[in-house]
Every structure is written in C-alpha cells, then in structure tokens.
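Open your viewer, get the selection tool ready, and follow along one stop after another. Here is the model we will walk through.

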Amino acid sequence: MPVELENKDLAKYPFLKEAHNFVSQRAYSIENFLKSRFGERICISAQNRIKAALESKFVFDEIRLEKPDDEILSYAVSRLIVSCMKERQMIDKLCRYESERAFYFLQTEDSQKKDYVARNVGIKLDVEKISVPEYVELVPNLRDSRWQLVNRDVSEGSVSIKKEELEELLKERIRVVLHGQLPLPVTDGICSLLDSFAGEISAVYQEKLLEQFGEVDEGSFPPCMKAIINAVSAGTNIPHTARFSLTAFMHTIGMDTTGIVEVYTRAPDFDVEKTLYQVEHISGRSGTEYTPPGCATMKTYGLCVGPDSICRNKNIIHPLSYYKYKKKYSKVNEKNKDAKEKDSEKENNSKDSNIQKEEMI
Ligand code: SF4
C-alpha cells in the first residue's frame with residue numbers, strides 16, 4: 001500500500017523527494033522567493049537552523065510542526081546558505097543536525113512511514129543481517145568500537161544486526177546521504193541574496209571556534225606538533241602521516257587554510273599548489289573532515305617526539321587536549337603575573353609615598 005505523506009511528515013523528513021517537489025513548487029523562482037517578505041522570514045529560520053547545528057543543539061521538542069511549510073522551506077534554504085559559505089565544517093554540522101532531527105521524529109513514527117523513510121535512503125529495517133560490503137559502507141565514520149567488523153558477529157558473509165542498531169545505522173545513513181548532496185551548485189546571484197545571513201552565521205561560527213580553542217597560540221602547541229613544524233622549517237622531507245597530523249591539528253584548532261599554508265611556506269621546497277591541495281583535502285574539501293590522531297596513534301607513527309612534563313603528568317591522550325590545557329594554563333599564569341605586578345606596583349607606590357612623607361618630616 002502506498003504511503004500517504006502530509007506536509008507535516010515532510011517537515012519531519014525534508015530530505016524526501018516529496019519535500020523537494022514541494023519546495024520546487026513554492027519557490028519556483030528562488031531569487032523572487034528570497035526577495036519576498038515570506039522568503040526573508042524563512043531565511044531567518046534557516047539561519048537559526050544552522051546556528052542550532054553549529055551548537056550541536058539536538059533538542060527538537062520545540063519544533064512547531066503546525067507550520068510545516070516553514071520547516072520544509074527553511075531546510076531547503078539552510079542548504080543553500082551552507083553551500084554558498086563553502087565551509088566544510090558547517091556542512092558537516094548541518095548534516096549531523098538534520099540526521100539527529102530526523103532520528104528524533106523516527107523514534108515515534110508509525111512503522112509504515114518509518115520504513116518508507118528508511119527505504120528512501122537505502123536501508124531495510126526488517127532484516128536481521130546485512131551483507132559485509134553493505135555493512136562496511138555504512139559504518140566507516142562510526143567511532144564506537146562496537147561497530148568495528150572484528151567486534152561483530154559475522155557468518156556466511158553477513159553481519160548480524162539488532163533492531164535498535166539498524167535504527168542507529170539509519171541515522172548515520174541519512175547523514176551520509178545528505179552530506180553527499182552538499183554543497184549544492186548555487187549561482188552567485190542567489191548567494192549574494194543570502195550574503196547577510198551567511199555573514200552572521202560565519203561570525204557565530206568564528207566565535208564558537210574561539211570559545212573552544214581561543215586565538216591560535218603556537219606557543220601552546222604540543223611537542224609533537226612543534227617537532228613537525230621544526231622539521232618542515234629545516235627542509236626535512238616529512239612523512240605523509242606527519243603532514244596529515246599537523247594539518248588536521250591546525251585545522252581543528254581553527255586555523256584557516258591561509259594560516260595553515262603559511263606554516264608550510266617555511267619549508268625550503270614549498271610548493272603552493274601542492275600544499276594548498278593537500279591542506280584543502282585534509283580540511284574537508286574531499287567530503288571528509290579529518291581530525292588529528294590521538295597520542296597512541298602518534299606513537300605508532302613515531303611522531304610522539306619529546307613528550308614533556310604536561311604530556312607525562314596531565315594524562316594527555318590527545319595533542320588537542322595538550323593544546324587546550326596549555327593555553328588555559330598560560331592564561332592563568334598570565335593573570336597571576338599581572339596580579340603580582342599590580343601588587344608590587346602598589347607596594348612600590350606606597351613605599352614611595354612613605355619616603356616622601358619621611359622627607360617632608
Ligand atoms: S604525548 Fe601526545 S601530545 Fe605529547 S608529544 Fe606525544 S603525541 Fe604529542
């Protein structure tokens with residue numbers, strides 16, 4: 001029996017082709033739509049949608065499904081905005097948010113509709129086994145070790161799967177499908193209409209990065225990363241793993257492509273084209289955004305060079321934790337130093353005034 005979907009359903013799962021058709025009809029000319037007052041209102045909700053995604057705010061109880069058209073359209077416009085911004089992390093965040101949002105509604109969905117949504121992204125919910133190739137394709141970005149093939153019950157080329165696990169895989173599959181569709185090819189004209197919305201989101205995004213890592217402080221880099229930079233500066237031919245780790249590290253702490261490439265300009269054999277390509281690939285242009293390896297992997301790569309007292313005494317298991325710790329610690333030290341300097345200034349001033357008093361007597 002065919003599944004009947006109302007706009008309320010499409011608002012829950014705006015990635016379905018029926019929702020796409022709805023958007024094409026409502027916003028036949030995207031430019032005119034964006035210029036209209038209604039369009040402007042939708043842009044604001046799209047902007048809020050992206051901001052919630054940036055904050056990883058996966059709270060969906062407040063979504064007002066009594067305005068389903070707004071929900072469907074704001075999904076479509078949010079995709080246009082992130083496509084114009086061409087910032088891979090933003091796309092990643094939005095896709096994660098949308099998959100979590102859909103998953104939230106799927107929890108209480110009637111089985112026929114749930115099955116329909118799942119089939120739309122290529123998942124069958126009524127199975128107890130998945131073929132190994134299919135399984136391997138579904139899990140590469142799931143970090144929990146329980147998804148690793150070695151930890152699964154595999155027999156006759158199939159992996160056993162529980163019902164609740166299938167639903168988790170469905171969420172991941174939605175994320176991957178949405179990710180594969182972005183960025184959309186958006187014209188410059190449309191992007192310029194979305195410019196002010198994108199600008200505001202970009203400011204929020206930069207603020208988030210600053211909140212998380214603060215301004216980039218090379219002095220707080222862990223010894224391993226400093227060692228790679230020194231090797232680059234000395235013109236040593238560093239292995240791919242070192243280049244990858246350093247680039248992913250610098251990208252994650254909020255350095256932009258120009259800043260990262262600048263570090264590599266210190267190499268005597270610096271090649272701008274090649275470096276730019278590698279940096280953009282690792283920073284997410286390829287579709288996958290990479291994070292730097294943890295200390296255990298750095299050790300196996302032979303890149304854990306000169307671990308210092310912070311590495312040893314502060315249970316550092318990731319170069320990023322080292323960076324966060326050292327930055328925070330240096331700030332506290334700076335504050336203490338400032339306070340001490342102020343105290344000693346006060347003391348000197350009071351000594352001076354005592355001397356003056358004595359001289360006057
Ligand atoms: S312990 Fe970790 S942070 Fe410290 S040098 Fe080794 S890899 Fe880097």
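Start by selecting Gly235, which comes after helix 11 (223–233) and has a positive phi, near 80°. Helices here are DSSP runs of H or I with at least four residues, strands are DSSP runs of E with at least two, and both are numbered from the N terminus. Before going further, keep in mind that this is a predicted model, in which local features need pLDDT of at least 70 and side-chain atom pairs count only at pLDDT 80 or more, while totals for chains, interfaces and linings use all residues. To find your way, note that residues are numbered from 1 along each chain as its sequence is written.

**Stop 1: along helix 11**

Now step back into helix 11 and select Cys224, Met225, Ile228 and Val232, which are buried. A residue is buried if 20 or more other C-beta atoms lie within 10 Å of its own, exposed if 12 or fewer, and partly exposed in between, with C-beta atoms placed from the backbone. Which side of helix 11 do they take? They cover an arc of only 100° around the axis, so they lie on the same side of helix 11. That arc is taken from the directions that run from the helix axis to the C-beta atoms.

**Stop 2: around the ligand**

Next, show the ligand and select its surroundings: Pro222, Pro223, Cys224, Cys295, Met298, Cys304, Pro307, Cys311, Ile316, Pro319 and Tyr322. How many of the shell residues are nonpolar, polar or charged? The shell has 11 nonpolar residues, no polar and no charged ones. In this count Ala, Val, Leu, Ile, Met, Phe, Trp, Tyr, Cys and Pro are nonpolar, Asp, Glu, Lys and Arg are charged, and the others, Gly among them, are polar.

Keep Cys224, Cys295, Cys304 and Cys311 highlighted: an unreviewed UniProt entry gives them the feature "binding site". They span 88 residues in sequence, yet no two of their C-alpha atoms are more than 10.2 Å apart, so they gather at one spot. UniProt positions follow the numbering used here, feature names are shortened, and annotations may be inferred rather than shown by experiment.

**Stop 3: two of these cysteines**

Zoom in on Cys295, in helix 15. Is Cys295 buried or partly exposed? Cys295 counts as partly exposed because it has 19 C-beta neighbours inside 10 Å. Leaving aside neighbours within four places in sequence, Cys295 is in contact with Cys304, Ile316, Ile317, His318 and Pro319. Contact here means that the C-beta atoms of two residues, placed from the backbone, lie within 7 Å.

Move on to Cys311, in helix 16 (residues 309–313). With 20 C-beta neighbours inside 10 Å, Cys311 counts as buried. Not counting residues up to four places away in sequence, Cys311 touches Pro222, Pro223, Ile316 and Tyr322.

**Stop 4**

Select Thr252, found in helix 12 (residues 240–252). Thr252 is buried, with 20 other C-beta atoms within 10 Å. Thr252 is in contact with Thr291, Pro292 and Leu320, leaving aside its neighbours within four places in sequence.

**Stop 5**

Asn315 has a positive phi, near 50°, and is exposed, with 9 other C-beta atoms within 10 Å. Then look at Leu182 and Pro183, where the peptide bond is cis, with omega near 0°. Pro183 is in the loop between helix 9 (163–181) and helix 10 (188–213).

Finally, find the three strands, which form an open antiparallel sheet in the order 1-3-2. Strands pair if DSSP finds at least two bridges between them. Strand 1 (129–131) and strand 2 (154–155) are the edge strands, each pairing on one side only. Two bridges join strand 2 to strand 3 (residues 158–160), and Ser155 stands opposite Ser158 in strand 3. In the loop between strand 2 and strand 3, select Glu156, whose phi is positive, near 45°.

Methods. A residue is near a molecule or strand if its C-beta atom, placed from the backbone, lies within 6 Å of it.
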